[in-house]
Structures are given as C-alpha cells and as structure tokens.
Amino acid sequence: MGRVAGMATVACLLGVGPLVAQQEGHPGKPVYDRWCAGCHGVDGQGQGPAAAYMLPRPRDFTQALYQIRTTASGSIPTDADIRKIIDEGMPGTAMPGWEEALSSAERDALVDYLKTFSRYFETDEPRVLEFGGAPGVSDELLEAGREAYQTLECFKCHGQAGRGDGASAPTQADADDFPVRPADLTQPWLFSGGASVEEIYRRFLTGLDGTPMPSYADVLEAGVVTEEQLWGLAHYVRALGGDAPRVREVVAAARVEDVLPTAADDAAWEDAERFWIPLAGQIIEEPRWFAPAVTGVWVQALHDGRELALRVSWNDRSESPDPEWAGWRDQVNAIMAPGAGEQAGGEASDGMAVWFPPPDARDRPYFLMGSERAPVRVWHWDSRSGAVERLGRGLGNLESLPADEGALQGQAEFDQGRWSVLLRRPLLDGDSAAATLIPAGQPVPMAFMVWDGDNAEAGTRGAVSSWYYVQLTEPTPPTVYALPVLAVLLTAALGLLVVRRAQRRVRTPAAAPAAA
Amino acid sequence: MLNLTRNTRTLAVLFTCTALAACGGGDEAADAGADDTGADAQPQVVADAGSITGSIDFTGTPPTPEPIDMSAEPDCAAKHDGTPTQRAVVVNNGKLANVFVRISQGVQGGGGAPSGSAAVDQDGCVYDPHVVGVQTGQEVEFQNSDGLLHNIKASPANNRPFNISQPTTMTSRQTFNSPEVMIPVVCDVHGWMNMYIGVVDHPYFDTSGQDGSFTIANVAPGTYTVETWHEVYGVQSQQVTVEPNGTAELTFAYDAGMAATAVVPLGDPIDPHGVHASPGAGVSHPAAHATAAGSR
C-alpha cells in the first residue's frame, strides 16, 4: 500500500495526475459524473463501481493512453479521436456510443473534460500520422495482403484463420496486466476501432496503445512492407469476415431427400443455410458471468422427415482444456469470479447445449433451460463426454432421461479456433407419433448456451441466447409453381372471351341505338 | 482505520499535485538543464575527474534460473546452448549481474554525454542486455537479429509508452525525455521476453556486468549518493566521496533473503529509505524537480 501510494504521489509530480483545479466547474464534469463515472470512475482511473464486471476494463484516463487514434504509438490522441469513440463507442466492449444520448455540445465538453485527467494533454502535442486513401480492392491486392499476413506474422497472435487463436494469444495482457485477447478477425463487426478498410489500415500504423497490438509505422518506414501491401493487408483482414450477420428469429430446417449428414464436416453442410444466433453472458442466475468468450453461434438445420440434424459452429480460441491456456483460465477465474476457487472452473471442457419445449408442453418454458414446473429437453454436448439428451428444470438442473429416449447422436470437430458440433435425433419420442419433439410446419422454440472451459466457463458461467425457433420445411411441390400460371392463363382466356362478346355486341346494328 | 489512512494519503497526493501545479515556473530551468546534458552535447572535460567503481556482492543461494520453453520458436531455441533461462537473477561467484547503478544525488551541472545510442538486441528471443541505462534524449536502438516477429512494448510511468512491431531483421530507435528508473519492456509475442531501461538525466550510471562490477567514470570531485536497482532484490543507496583524480570504491551487498521484502520501484524517483515510512517521501527527492518538466 505504501508503495502504491508513494508511486501515486510521484506520478502526480511527474505529470500524469489529474488537473483538479481545471475540473471544478468544467461543463463536462456533470456529464461525465452522470454518464461515465459509473465505469470510468469519478477520478478517471477506470475503476468505477461497474468496472469489476467488465473485461476488458474501462479506460484509465489518467494515463492518456488511448487505443483508437490517428496518432503515432505512444502519442496522445487528437480531440477528434476521442470524440469519435464517444460518438461511436467501442464494439466488442462495454463502451456504447453516445451520439444519440448526448448533445454535440455535451460530447465536446466531455472530450475536453477527459483531457483534464492527464497533464500529457498540456505538455504534449498529438503526433498525427499520414494515412492516404484506400485503393480499390482487387485480386492482386488481396493476394498481396494474404502474403503480408504471413511476412508480418500476424498469425502469431491472430491465428492462421484469423480467429484470434495464434500461438501467442494465451499470454497477452493489457496495460494494467488484465488478460486480453487478440481480435477475432473473422468478426469485424466487433472490431473496437471500426471495421472499415480505412480504420483497419490506420490501426496498423497507430497500433492499439495499452494492448499488445504494436504499430507497424516503423516497419513501413523501414521498407519491410510497402503502403500498397499494407492496404492489401487491410483489405485481406476485412475480407476474413463479412458484415454483421442479420439475426433471424426462425432457423429453417430444410428437408433433404438424401441421407442426413452424420458428421460435422459433411459436405452437405456447405449448402445448408446458416443462421447467426448472438449470445451474451449469463447474468440472471448466480453465479453470473460477465466475461463470455463466445459471441454467437452459427446454426444450420436439416431434416429428412424422421430425424433432425443440427450443426452448431462457433469460434473458440482453444480446445479446452489446453495447457497453454491454463494461465489465462486462472486469471479470468481470479478476476471475474474472485473467491469462486477452482471448482467454478469445472472440468475446463468446452460445451454447448440447445433446448426445446418437450412434446407435451402447452406454453413456452422459461428460456434459461426451463423450470421445475415447465421443463425443457436439453441436447447437451461436452467436449469430453459427448452428446446426451437431458431434462432441464432450470439452469444447471439437468435430469437424465430413460435410455430409450436417449437417441441423440453427437459428433464434433475442432479446427483452427472453431468448434463444429453435429447433433442428430429422431423427431418422434419413442414410437409414439403423438409425441413429436419438433412437429413439422410450425416454429418450435429453441435456445442455446455455450461454455469455453479455458475461459473458466462451466455451469451458470457461459454465454446464452434468448428463445429462437426452428421450423421444419418441406420442399415446395411443383403444383405450387404450376397453379398460379394456370390461374393466370385461365383468367386471361376468360377475359378475352368477355371482351370478344362485348365487341361482338357493339358491332350488332340492332344494339347500336341502345348503346347510344 | 484503513479508509482513514487511504484518505490521508489521497489528500497528501492531491496537495502535492496542487502544490506542484502552482509552481510550474521551474519547468524552463529544468529544460535548460536537460539540454546541457542532452545526447547531442559533446563530452565535457571535467577537471580532476575521478571515478566510482565497485561490485555487487551476493550472499545466499540464488533461485534456480527459470527455464524458458522456446519450442514455439525453434530458430531462437537453436541459438542457445542447452535450455535458455530467465535473466532476472544472474549470480556468478557471489556477484550479482544486471544491477542498474547510478548517482542519484549530488550531480552538479553537465558531464560527458555518451556518444551514440544505447543498443538493445533481440537475439535468440531474449533481450541483450537485460538491463540498460540511457540518458534523457539519448537514442535506444532496438535491433532484431532474430528475423522473426517481435514487438517492443515499453510501459513507462513518466514517459510516453510505445509499442512497435519488428516482423523481420530491422532496427528501430526510440528516446525517453524524462528520467525514469526503471521502464519495463516486454515482447507480447514471446511472453518470456522482458527487460528494463533506466533513464537518467546525466551520464553517471552503469549496469553491473556478469562479474558484478560497475564503473562510473569522469565524475567531478565531490560527495554523491549512489543508488542501485535490481528487479528482484530492490534498491539500495550509499554515499561516496570522489577525491580529485581519485577512484572511490563501493560495494553493495545483496542477499537471497531480500527478495521477500524488496520494494522494486518502477518509475523514478522513489526514495528507497522513505518509501516504507511515508508515501510522500518522493516529494523531497531532488530528481523530482528535474522531471517536473514533463516530456516534450
């Protein structure tokens, strides 16, 4: 304590302390204290009351260390840089955008107020970098980018497939020694500094201060890469992932005439439609989980009238338990679940569950794995013990089912930071046609949960979805296409007939006076 | 009780900050002083200059050096004979290496600035040297001899940080504008790579070698406080008087038991004697005035 306090004193002396005198009566202070201090703290040190529930932690403004800038590594940001983050927020973190919530004047005042937390804004000038404009994308440029990804060894942290699972990923820490993950480049919509090619390119040169992501400005200056190659890399990185997936409520399970796939890497899945289901930390049941590793799952569904096959895929940086990630797991456990001990980490296996109302359900059960009164059918897959069907009576309250109903099959693949799990089961419960788990033609509620064991996730600590739906679809019979055509033709013929008859009547002399 | 103590300290911190803000006039003088000893300055002839030499003794059993698993980088592993080990504690024949030694009090005016830059190599996925001293404004030249991706991330408390990438054989130069003992430097690609840089606003410093010896040359006659810093065993200081053209001898004694209680400050200056007694001890430290100029 003495040491820390001593250092704080010194820190003030040397110019990193807040300018208390400037803060009194500052127009940004009431805005900051009301909207920002909850996370960033009244003193700007990033230790507000809510900070303990966040990983990554809120920014400590007293260091004048900003991730997203247009300035050189270690330089203070420009006012516009700070304003941009306030306006747009930081995707993938707890920082929201304030463009809608606060007036422009309030946000300007905030920018100025944030600067009072560090003397560096008095003594330093931002060293703004030149970026130039993005060249249009071409195959050659993308190829140059692919090569640059290798020569600049981006894969060491971000992984060969870009899923943030590189060899150095497990030991990364931020400026305050909190564990931090290399970005999953296949989910650009979660890039904290924006997903445009220009924003990606900028970060190559600025680095992300306070994180392990370094600046490549020296590398460019030394001629190790050309500007064009770096732009190629920006295009290549952007192309590793698409735009934010559209979230659709109903997962359509197409009917296949051939046999259903029996493996997660079956070629049949390549043509099956993918549905993105976002996940969030489970923060309803104790113990809560505020640091989920998995952001969402891709779901594909196929059926053949007798069985339903689901393929659920998600990005996970490790196949837990991975000894390389043991240190990460312990850190996350200690930071996000202090006092939970090792037990909370469980077996440190990865897991996924999807659940549906049972065949006899009248109402939609509680979305968190049902309740005592209204249970759900849980298809539970574990990377160690495989897939099993259970009766869920609430989160973590799973009962085994009679053996004859345990007809669930599971098969899983882990490849370069991604799990793909196939789950397959007959639509009928036992022999009774009356007890159909997924009746054809109607949307059936379905919800998901995923656990990353190496992120200290198990039990109630994981990422969950709300209710979504799965609906078995039948291939459209040819009559659906033929009937409208027939109807159109018939109508046309009838119309023609009517017109003809009318015209004939007009031409008849006897009818002419009557018409006049 | 704890809260009361904390509040008192916070008040002390606030008071100090306010006091310092109120007397910002000292900045320019400090700047001028810094220019005198800047890297561009020519070595000055010091009349009747003497020197301070000595050694860092170590008693007790040093910890077994921690092995580094370099299997992820076979090219680096191949550069080492046997298993590479961490360099936090290097003891040879009872002498402690990698101790940063500097005059902390008593330097008057300028002195001979070292010409050129301080070199740090990344060779075999370790930093060489492990501890290095530079003057404010003097270049540190980071060389990547491995030809594979390193990043060099410096996390100072009183200088601006940097984090630069070196994906191949290349050299990068950085400078620090404010004195700071010590600045940690790490490579995030290789979690085991770390080193320390000591930044001083005069040329009177050295790092103990493999034999535990150090030499501070070209010192004007006078009485000085010499301070040592070690990343595990903490700081010590002694007074020494340099006679005209004389050589003052100093011996610092470290022992293995010190690891348990050592205070290892990062971020200059902390009074090694005052740190336990009072959180405000740093205030009285003369170096604080020189560094109040901040980094420009």
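## Exercises on a predicted model

In the hairpin formed by β4(A) and β5(A), three residues lie between the strands, and A:Gly305 has a positive phi near 90 degrees.

**Exercise 1. Describe how β5(A) is paired and how far it is covered.**

Step 1. Strand β4 (residues 296-303) of chain A pairs with β5(A) in the antiparallel sense, over six bridges.

Step 2. Look for another partner. Strand β11 (residues 418-426) of chain A also pairs with β5(A), in the antiparallel sense and over nine bridges. Here A:Asn315 stands opposite A:Arg418 in β11(A).

Step 3. Check burial. Strand β5 (residues 307-315) of chain A is mostly covered, with eight of its nine residues buried.

Result: β5(A) pairs with β4(A) and with β11(A), and is mostly covered.

**Exercise 2. Determine the length of α12(A), its buried residues and the helices they pack against.**

Step 1. Compare the span with expectation. Helix α12 (residues 227-239) of chain A has 13 residues. From first C-alpha to last it reaches 18 Å, close to the 18 Å expected at 1.5 Å a residue.

Step 2. List the buried positions. In α12(A) these are A:Leu230, A:Trp231, A:Gly232, A:Leu233, A:Ala234, A:His235, A:Tyr236, A:Val237 and A:Arg238.

Step 3. Find what they pack against. The buried residues of α12(A) pack against α8 (139-151), α10 (197-206) and α11 (217-221) of chain A.

Step 4. Turn to one of these neighbours, α10(A). Seven of the 10 residues of α10(A) are buried, and the helix is mostly covered. The buried residues are A:Val197, A:Ile200, A:Tyr201, A:Arg203, A:Phe204, A:Leu205 and A:Thr206. They pack against α11 and α12 of chain A. Just after α10(A), A:Gly207 takes a positive phi of about 65 degrees.

**Exercise 3. Classify the packing of α8(A) against α12(A) and name the residues that make the contact.**

Step 1. Two packed helices are described by the angle between their axes and the distance between the axes. The axes of α8(A) and α12(A) come within 7 Å and cross at roughly 90 degrees.

Step 2. Classify the angle. Values of 65 to 115 degrees count as roughly perpendicular, so α8(A) is roughly perpendicular to α12(A).

Step 3. Name the contact residues. From α8(A) come A:Leu141, A:Leu142, A:Ala144, A:Gly145, A:Arg146, A:Ala148 and A:Tyr149. From α12(A) come A:Glu228, A:Gln229, A:Leu230, A:Trp231, A:Gly232, A:Leu233, A:His235, A:Tyr236 and A:Ala239.

Step 4. Sort them by class. The contact of α8(A) with α12(A) has 10 nonpolar, four polar and two charged residues.

**Exercise 4. Give the strand order and the edges of the five-strand open sheet in chain B.**

Step 1. Chain B has four helices and 18 strands, and 46% of its 296 residues are buried. Of the contacts in chain B with a separation of 6 or more, 69% join residues 24 or more positions apart.

Step 2. Read the order. The open sheet of five strands runs β7-β13-β12-β9-β10 (chain B), with mixed pairing.

Step 3. Identify the edges. β7 (131-135) and β10 (162-166) of chain B each have a single partner strand, so one side of each is left without a neighbour in the sheet. From one strand to the next, the twist averages 25 degrees.

Step 4. Examine one pair. Strand β9 (residues 150-154) of chain B is joined to β10(B) by five bridges, and the two run antiparallel. The bridge partner of B:His150 in β10(B) is B:Gln166.

Terms used
Residues numbered from 1 in each chain as written. Chains lettered and ligands numbered in written order. Predicted model: local features only at pLDDT ≥ 70, side-chain atom pairs only at ≥ 80, totals over all residues. Buried ≥ 20, exposed ≤ 12 C-beta atoms within 10 Å, placed from the backbone. Contact = placed C-beta atoms within 7 Å. Expected span 1.5 Å × (residues − 1). Pairing = 2+ DSSP bridges. Axes fitted to C-alpha atoms, helices over the stretch in contact; angles between N-to-C directions. Parallel < 35°, antiparallel > 145°, perpendicular 65-115°, else oblique. Nonpolar A, V, L, I, M, F, W, Y, C, P; charged D, E, K, R; others polar.
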